[in-house]
Amino acid sequence: MKPFAALAFALLLPVCAEANCIPPWRTQFACNIPERDARVEFCRLPEPGDHPGKKEAYYTYAVGAAAAELYFETDSTWFSTKDTEIDHPTDLTMAVGYAHGKYVYAFVVTEDKREADGIRQGEVRVYGSTDAFTNDTRGNEMTRLACDPASILADRASIRP
């Protein structure tokens, strides 16, 4: 199947509990957003140098079983820990953002460091700039959507600093 045809096919698949990242990209984060009947997927190349000519990452947002409402590829990924919870000493909150134009589409996960599979919550946030994503100001996102915790798929090794 040609790459475009494979992409079109993957984007038309119904929302499900598994990520649909197209190889060689792998799921970095994915979840269902119940309040919107939507699914988001953040897909990233594990070794970008092994795939010249391909973007490092891509993002997909789809509502219901419809084709993706938003899809973009990027070589601009960012990391933030500005939302670290100080009142939970065993929690670690991290965010990874994919830049698209002036916006950053990010996922934020909170995990309990004591647990092997301890991601307890996830959100998808949209920031108006890379500065808004990377600065220390909390709550400055344009959009915040809660993930269904049971639907979260995350490659914890690629998320941690």
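Student: Is C21 buried or exposed?

Tutor: This is a predicted model, where local features need pLDDT of at least 70, side-chain atom pairs count only at pLDDT 80 or more, and totals for chains, interfaces and linings use all residues. Residues are numbered from 1 along each chain as its sequence is written, and side-chain values use heavy atoms, with hydrogens and water left out. Buried means under 20% relative accessible area, exposed over 50%, and partly exposed in between, using a 1.4 Å probe and protein chains only. C21 has 13% relative accessibility, so it counts as buried.

Student: Which residue forms a disulfide with C21?

Tutor: Here a disulfide is a pair of cysteine sulfur atoms within 2.5 Å. The sulfur of C21 sits 1.9 Å from that of its partner, and that partner is buried too, with a relative accessible area of 0%. The residue is C43.

Student: How many residues apart are C21 and C43?

Tutor: Helices (H or I, at least four residues) and strands (E, at least two) are DSSP runs, numbered from the N terminus. On that basis C21 is in the loop between helix 1 (3-12) and strand 1 (26-33), while C43 is in strand 2 (residues 38-44). The pair links distant parts of the chain, 22 residues apart.

Student: Why is the disulfide of C31 and C147 left-handed?

Tutor: C31 and C147 are joined with an S to S distance of 2.1 Å. What settles the handedness is the torsion about their S-S bond: the disulfide is left-handed because that torsion is about -50 degrees.

Student: Where is C147?

Tutor: Its partner C31 lies in strand 1, 116 residues away in the chain. C147 is buried at 8% relative accessibility. Its place is the loop between strand 9 (143-146) and strand 10 (153-154).

Student: What is the pairing of the bonded cysteines in sequence order?

Tutor: The count comes to two disulfides. One is C21 with C43, and the other is C31 with C147. Numbering the bonded cysteines along the chain, you get 1-3, 2-4.

Student: Which backbone nitrogen does the side chain of S151 reach?

Tutor: S151 is in the loop between strand 9 and strand 10, and its C-alpha is 5.1 Å from that of C31, though the two are 120 residues apart in sequence. Leaving aside neighbours within four places in sequence, S151 is in contact (heavy atoms within 4.5 Å) with A30, C31, N32 and R39. At 2.8 Å, its side chain reaches the backbone nitrogen of N32.

How values were computed: Polar contact = N/O pair within 3.5 Å; in protein donor to acceptor, adjacent residues only side chain to side chain.
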